[in-house]
Amino acid sequence: MSSYTQRVLDSLKAKYPYQPEFLQAAEEILTTLQPVVEKEPKYEKYKILERMVEPERTISFRVEWVDDKGEVQVNKGYRVQFNSAIGPYKGGIRLHPTVNEGVLKFLGLEQILKNSLTGTPIGGAKGGSDFDPKGKSETEIMRFCQAFMIQLHRYIGALVDVPAGDIGTGGREIGYMYGAYKRLTTKYEGVLTGKGLNYGGSLARTEATGYGVVYFTDAMLKDRADSLKGKKCAVSGSGNVAIYCCEKLYQLGATPVTVSDSTGTIYDPNGIDVAVLKQVKEVERARLTRYAELVKTAQYTPVEQYPAGKHQVWCYPVDCAFPCATQNELNEEDAKTLLQNGCKVVAEGANMPSTLGAIKQFLDAKIAYGPAKAANAGGVATSQLEMEQNAGMTSWTFEEVDAKLHNIMTNLYKNVAETAREFGVEGNLVLGSNIAGFRKVADAMIAQGVM
């Protein structure tokens, strides 16, 4: 690593030793930016790396709400507004017990480059709370979302910061938050994305991240004179990303054979039944044990029976792997198992699902590897399309949005692949993604001066 990138990374490690996820994301990005900062001295002159790895603004607040027993509950809320050089802040709201400032900083830093790669005018941000929607009643979730928005509403707006959904924040939660925002501000505007279709939401938004990662993979394979047709695929997770990744895989001739949740993994060599998966997860909001009850060919492995140090979902012979659950769900040993079992394609639907050790395994093996900030950009790209529709007070058909999404993901792949070739590492889409996303934001920061 160049002395400049090393200095910045060392400084971050000294300041934030208690934020491991943020440091992991920063190391993955900074180590791949070495060629571009050596080629372009202006980035060091204007201290772009130091400026880019620090959020423009970090907001934290107390969220007070009353549960169904009449007892007061207190959670911590955050919004990390990381970079607005190319557009208003844009990024999801995560509701999960693991949420803390370091997790949101990693997500926000990734979001800067991901949003840049979409080619649309949106900056990077992330927010959330350590509130856990699981086990809560509808009214408890509504009260929490309203309390959360009471604190957040003063910092967001259609041209300021446009949050979206993430883990724990689906259409229900977005609806409650949007209703609270509208009452608090008296504004009916596109301040949140992932809204319901009858109040400003976009068709294909629910499907976008899952569809997008498959579109990216299709482009990646076509560039290698290959296709998804006939491929067996391991998919992790069972939320929106995983469900619609499975759906699009079938449409392009592949067969997803696994899904997972926090309690265990389903494997079915005949293929995952997407209709049953939707019923279990979107309607019943149940665990995958319910799926195993409904699909007799499904083999269910609980977490307690996973191989030591591995995730069961990556233990089956497959051609392609789609990690679509959460960060660091695929470690170095999982990567070795996938490669030993013949996996030739990995495309990330979740944010930073592979550890640094796993990424090294994939790059060393020279398989087709699509990193998250490129491969899962379809969700935020379609959120921006929702913003466009809201701004124009119009709505597009599913086919129109899907076609735009397909075009964005195809062009995104071409951009990162060409950038990798430019720097002499053809096929290294990690470097290609980071440099392509970085240059656009960095040049905008230089153009706008220092205040």
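**Cavities and annotated sites**

Me: How many nonpolar residues does the lining of the second largest cavity have?
Reply: The lining of the second largest cavity has no polar and no charged residues. Ala, Val, Leu, Ile, Met, Phe, Trp, Tyr, Cys and Pro count as nonpolar, Asp, Glu, Lys and Arg as charged, and the others, Gly among them, as polar. This is a predicted model, in which local features need pLDDT of at least 70 and side-chain atom pairs pLDDT 80 or more, while totals for chains, interfaces and linings use all residues. The nonpolar count in that lining is 10.

Me: Which helix gives the most to the lining of the second largest cavity?
Reply: The lining is made up of A26, I29, L30, L33, L49, M52, V53, L109, L113 and F438, with residues numbered from 1 along each chain and side-chain values taken from heavy atoms, without hydrogens or water. At least two lining residues each come from helix 5 (48-52), helix 6 (101-117) and helix 2; helices are DSSP runs of H or I with at least four residues, and strands are E runs of at least two, numbered from the N terminus. With three residues, the top contributor is helix 2.

Me: What volume does the largest cavity have?
Reply: The whole structure holds two cavities of 30 Å³ or more; a cavity is a set of points on a 1 Å grid where a 1.4 Å probe fits but cannot get out, and lining residues have an atom within 4 Å of a point. For the largest cavity the volume is about 90 Å³.

Me: How many charged residues are in the lining of the largest cavity?
Reply: This cavity is lined by 13 residues, with E28, E110, E348, M352 and I359 nearest its centre. Helix 2 (20-32), helix 14 (356-365) and helix 15 (372-375) each supply at least two of the lining residues. Seven of the lining residues are nonpolar and two polar, and the number charged is four.

Me: Is K90 buried or exposed?
Reply: The unreviewed UniProt entry lists K90 under "binding site", along with Q111, K114, G165 and S383; such annotations may be inferred rather than shown by experiment. K90 sits in strand 3 (residues 89-95). Because its relative accessibility is 0%, K90 counts as buried.

Me: What is the relative accessible area of G165?
Reply: G165 is in the loop between strand 5 (161-164) and helix 8 (171-185). Leaving out residues up to four places away in sequence, G165 touches G92, I93, I174 and T193, where contact means heavy atoms within 4.5 Å. Buried means under 20% relative accessible area, exposed over 50% and partly exposed in between, with a 1.4 Å probe and protein chains only. G165 is partly exposed, at 25%.

Technical notes. On a 1 Å grid over the protein atoms alone, a cavity is a set of points where a 1.4 Å probe fits but cannot get out, and a pocket is an open set with protein on both sides within 12 Å along at least five of seven lines; lining residues have an atom within 4 Å of a point. Grid points are joined across faces, edges and corners, and a volume is the space filled by probe spheres set on the points.
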